[in-house]
Amino acid sequence: MTSVILCSNSVVGRNSVVSRNSVVSRNSVVGRNSVVSHNSVVGRNSVVGHNSVVGHNSVVGRNSVVSRNSVVARISMVGRISVVGRISVLGHNSVVGHNSVVGRISVVGHNSVVARISVVSRNSVVSRNSVVSRNSVVSHNSVVSHNSVAGRNSVVGRNSVVSHNTVVSHNSVVGRNSVVGHNSVVGRNSVVGRNSVVGHNSVVGRNSVVGHNSVVGRNSVVSRNSVVARISMVGRISVVGHNSVVGRISVVGRISVLGHNSVVGHNSVVGRISVVGHNSVVGCNSVVGRISVVGHNSVVARISMVGHNSVYGRNSVVGRNSVVGRNSVVSRNSVVSRNSVVCRKCGWS
């Protein structure tokens with residue numbers, strides 16, 4: 001036997017259908033030209049707008065709104081005190097948690113979750129098999145791609161993209177107009193600034209910052225408790241060790257390593273296929289050339305240069321305004337005083 005229950009003070013608009021074994025609870029409204037499919041529930045004090053559909057085996061919780069021209073697909077739920085904006089879609093087997101909002105002209109894909117007290121803003125997409133955790137925000141005109149996660153208390157800024165198979169961990173922020181590439185991770189309590197890019201297959205470790213207008217290339221790692229300052233770049237297949245800093249308007253070239261507890265100062269360059277060891281400093285306005293090594297516990301002072309294909313041993317110092325030419329070696333435990341030059345193809349020991 002089939003039945004339809006319309007509770008007291010409820011309204012079903014003209015040309016609308018409430019299918020078998022479904023409930024429209026008291027003080028609720030199903031607008032005109034709309035459908036509540038079989039085995040579904042519209043909770044009390046709720047609204048399903050005009051020209052909308054609630055799929056079979058679905059629930060619209062109490063005190064909630066599914067706006068006009070919208071779809072809640074089959075086997076899905078809109079939690080209590082929540083809103084699905086107009087011209088929006090909630091895919092099948094999906095959930096919009098309690099006290100949450102999916103803005104107008106937005107999509108929450110199949111098998112996905114927007115957890116309680118969260119917001120997916122207008123013109124945005126949460127693709128299939130993805131999660132926006134509780135107390136989080138996906139801002140307008142943004143995308144969380146399929147098989148991805150935005151952790152609790154996180155923010156994806158407007159006009160931004162979190163690509164597929166990617167995680168933005170809890171208490172983290174992806175700024176506006178930014179991209180986090182596929183198969184990547186932004187660790188907990190971290191920030192990717194506005195107008196920035198984290199490439200595919202990359203990691204930004206916990207408690208770290210990628211500044212505004214900066215790039216972390218694909219297949220790269222910015223380890224925990226580290227900073228890539230604004231307008232800077234970490235090239236592809238590179239590593240910034242934990243507790244390290246890349247200063248503003250600086251570059252760590254591709255296939256390079258900046259060791260743990262190290263610093264590359266503002267306006268400086270570490271060339272491609274190079275290494276700056278642990279506990280070391282490359283001062284402001286300085287250059288470490290390509291295919292070079294600066295050993296552990298060493299200093300290249302500001303306004304200085306270590307040329308291409310050079311080795312600068314551990315526990316050593318190059319003073320400010322100095323040059324170590326290309327194809328040169330400064331042995332460990334050595335000092336090149338300020339305003340000095342070590343010629344190319346030379347050694348210093």
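The side chain of S208 reaches the backbone nitrogen of N225 at 3.0 Å. This contact comes from a predicted model. The S208 side chain also reaches a backbone oxygen, that of G205, at 3.2 Å.

Where does S208 sit? It lies in the loop between β34 (203–204) and β35 (209–210). S208 counts as buried because its relative accessible area is 1%, and the cut-off for buried is under 20%. Leaving out residues up to four places away in sequence, S208 touches N189, S190 and V191 among others. The list also includes V222, S223, R224, N225 and S226.

N315 is another loop residue. Its loop runs between β52 (311–312) and β53 (317–318). N315 is partly exposed, with a relative accessible area of 36%. Which side chain does the side chain of N315 meet in a polar contact? The partner is the side chain of N333, at 3.3 Å. Neighbours within four places in sequence aside, N315 is in contact with H296, N297, S298, N333 and S334. N51 is another matter: 264 residues separate N315 and N51 in sequence, and their C-alpha atoms are 73 Å apart in space.

Next comes the surface. V239, V257, V275, V293, V311 and V329 form a nonpolar patch there. Together these valines have about 360 Å² of accessible area. One of them, V257, is placed in strand β43 (residues 257–258). V257 is partly exposed, with a relative accessible area of 34%. That value can count towards a patch because the cut-off is over 30% relative accessible area.

Last, the cysteines. How many disulfides does a search of the whole structure find? The search finds 0. C7 is partly exposed, and C284 is partly exposed as well.

The table lists the relative accessible areas of the residues discussed.

| Residue | Relative accessible area | State |
|---|---|---|
| C7 | 29% | partly exposed |
| C284 | 29% | partly exposed |
| V257 | 34% | partly exposed |
| N315 | 36% | partly exposed |

Notes
Residues numbered from 1 in each chain as written. Predicted model: local features only at pLDDT ≥ 70, side-chain atom pairs only at ≥ 80, totals over all residues. Heavy atoms only, no water. Patch = residues over 30% accessible without salt bridge, like charges linked within 9 Å, V, L, I, M, F, W, Y side chains within 5 Å. Areas by Shrake-Rupley, 256 points an atom, 1.4 Å probe, with all protein chains shown as cover. Salt bridge = Lys/Arg side-chain N within 4 Å of Asp/Glu carboxyl O. Helix = DSSP H or I, 4+ residues; strand = E, 2+ residues; numbered from the N terminus. Buried < 20%, exposed > 50% of the residue type's maximum accessible area, 1.4 Å probe, protein only. Disulfide = S-S within 2.5 Å. Contact = heavy atoms within 4.5 Å. Polar contact = N/O pair within 3.5 Å; in protein donor to acceptor, adjacent residues only side chain to side chain.
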